[in-house]
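Work through the exercises below with the sequence and the coordinates open. Each task is followed by a stepwise solution.

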Amino acid sequence: MGHLSASESLFGRVFCGYQGWFNTPGDGANLGWRHYGFEKPGQCHLDLWPDLTGFGDDELHDTPLRFSDGSVAQVFSSANAKTTLRHFEWMRDHGIDGVFLQRFGTTLRDPRLRAHNDAVLANVRAAAEATGRSFCVMYDLSGLKAGEIESIVMQDWKRLRQILGVLESPAYQRHAGRPVVSVWGIGFDDGRDYTVEECAELMRFLRDNPEFGQLTTMAGVPWGWRTLDQDAVSDPALHEALERVEIISPWAVGRYDEAGAKGQIESVHEADTAWCRERGKEYLPVIFPGFSWANLQKMRGEEAPLNQIPRNGGTFFWGQAHERIRLGSTMLYVAMFDEMDEATAIFKQAIRVPEGTLGFVNETELPSDHYLWLTGEIGSALRRERSLTEALPARPVP
């Protein structure tokens with residue numbers, strides 16, 4: 001497999017979302033159990049358990065859960081640079097091009113959380129440079145209050161430029177001659193406090209500001225963004241805001257299962273891409289391997305079925321990619337690399353899982369790196385390096 005370097009273009013590339021938000025007591029970040037949910041006995045946020053085979057002792061943290069033989073179940077911390085490098089080595093080994101690094105606006109209010117985010121950014125930067133992958137920043141606006149897009153997100157981007165020098169990395173992803181910055185959460189009809197107009201101001205700042213802008217901007221938008229219905233606001237101001245971006249990426253996670261995927265994708269793809277093409281914009285579809293958040297919802301006092309949108313051995317994931325590539329997609333965004341709370345992670349997943357809680361999504365018949373391999377195959381199909389078959393590819397026997 002050839003060594004891939006940081007690219008000047010997103011064309012022909014498959015990127016993953018990278019959360020980097022898992023913390024453990026004793027990992028140095030002073031955040032306790034974050035996004036694991038072990039604060040209360042017998043509880044857990046996760047619906048997917050990570051495979052830690054080959055991890056060093058300095059990467060492993062004991063949890064309250066046990067395996068059936070009584071041994072302690074362990075997890076990793078996103079604060080560990082060694083673990084981040086390991087993740088990027090997996091990407092390199094499987095031909096995955098890079099990541100959109102998630103940076104949640106709400107966490108930037110807290111100096112400790114912001115420090116962790118900065119450390120993860122530094123680790124991702126170093127790992128991308130070391131492995132020939134690339135990365136870019138994706139701001140998630142979820143949970144921000146009115147006025148905080150300007151007071152938090154804009155100010156944070158200035159810090160990343162002036163103090164952390166994020167764009168000085170040779171691994172920082174570019175497109176159309178400019179560095180890429182993504183903003184997720186524009187136009188969702190779910191009671192968000194900030195406005196579409198505030199989002200438009202942010203996109204204008206990132207695109208046009210002479211000192212901190214001059215960027216290629218990507219907008220993470222609802223599935224119903226173009227028709228202004230379903231999960232999207234009905235306000236035409238959303239379309240006005242999107243005139244200020246170069247790449248549009250509708251959120252697909254949870255919007256369909258395998259039975260409905262082909263029809264849902266076909267129902268929007270042609271019209272979505274036509275809207276973008278007429279306005280000189282790129283279209284970046286989202287694909288995901290499956291979805292489950294039973295343990296997370298239980299902790300919230302709600303119920304959800306385990307394995308809510310089944311992976312089916314990868315046929316669901318491959319089927320989405322097949323449809324998008326068949327219909328002409330030039331780039332793809334995989335949600336996500338390391339998201340265990342909603343079981344959308346494509347990184348190595350454990351075959352042996354601990355007991356307790358509501359259980360975990362667990363495909364015991366598959367190699368732990370199955371979805372890493374399959375994501376690499378999707379990239380090869382996108383670049384026409386392999387034939388685009390409707391059936392799931394067969395993995396060569398080592």
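Two strands pair if DSSP finds at least two bridges between them. Helices (H or I, at least four residues) and strands (E, at least two) are DSSP runs, numbered from the N terminus. The model is predicted, so local features need pLDDT of at least 70 and side-chain atom pairs count only at pLDDT 80 or more, while totals for chains, interfaces and linings use all residues. Residues are numbered from 1 along each chain as its sequence is written, and side-chain values use heavy atoms, with hydrogens and water left out.

**Exercise 1. Describe the strand pairing of E9 and the side chains it carries.**

Step 1. Strand E8 (residues 216–221) pairs with E9 in the parallel sense over 4 bridges. In this pairing, valine 221 stands opposite proline 250 of E9.

Step 2. E9 is also joined to strand E10 (residues 282–283) by 2 bridges, and these two run parallel. Here glutamate 282 of E10 is the bridge partner of isoleucine 247.

Step 3. From E9 (residues 247–250), Ile247 and Ser249 point one way, Ile248 and Pro250 the other way. All are buried, that is, under 20% relative accessible area with a 1.4 Å probe and protein chains only; over 50% is exposed, and in between is partly exposed.

**Exercise 2. Classify the packing of H8 against H6 and H9.**

Step 1. Axes are lines fitted to C-alpha atoms, for helices over the stretch in contact, and angles run from 0 to 180 degrees between N-to-C directions.

Step 2. The axes of H6 (residues 258–278) and H8 (residues 315–326) come within 10 Å and cross at roughly 20°. H6 is therefore roughly parallel to H8, the class for angles under 35 degrees.

Step 3. Contact means heavy atoms within 4.5 Å. Residues making the H6–H8 contact include Ala261, Ile265 and His269 of H6 and Phe316, Gln320 and Glu323 of H8.

Step 4. H8 and H9 pack at about 10°, their axes 10 Å apart, and are therefore roughly parallel to each other. Phe317, Trp318, Ala321 and Ile325 of H8 meet residues of H9, among them Tyr371, Leu374 and Ile378.

**Exercise 3. Is phenylalanine 347 buried or exposed, and what does it touch?**

Step 1. Phenylalanine 347 lies in the loop between strand E12 (332–334) and helix H9 (370–382).

Step 2. Phenylalanine 347 counts as buried because its relative accessibility is 1%.

Step 3. Leaving aside neighbours within four places in sequence, phenylalanine 347 has contacts including Leu48, Phe76, Trp90, Met340 and Leu372.

How values were computed: Angles under 35 degrees count as roughly parallel, over 145 as roughly antiparallel, 65 to 115 as roughly perpendicular and the rest as oblique.
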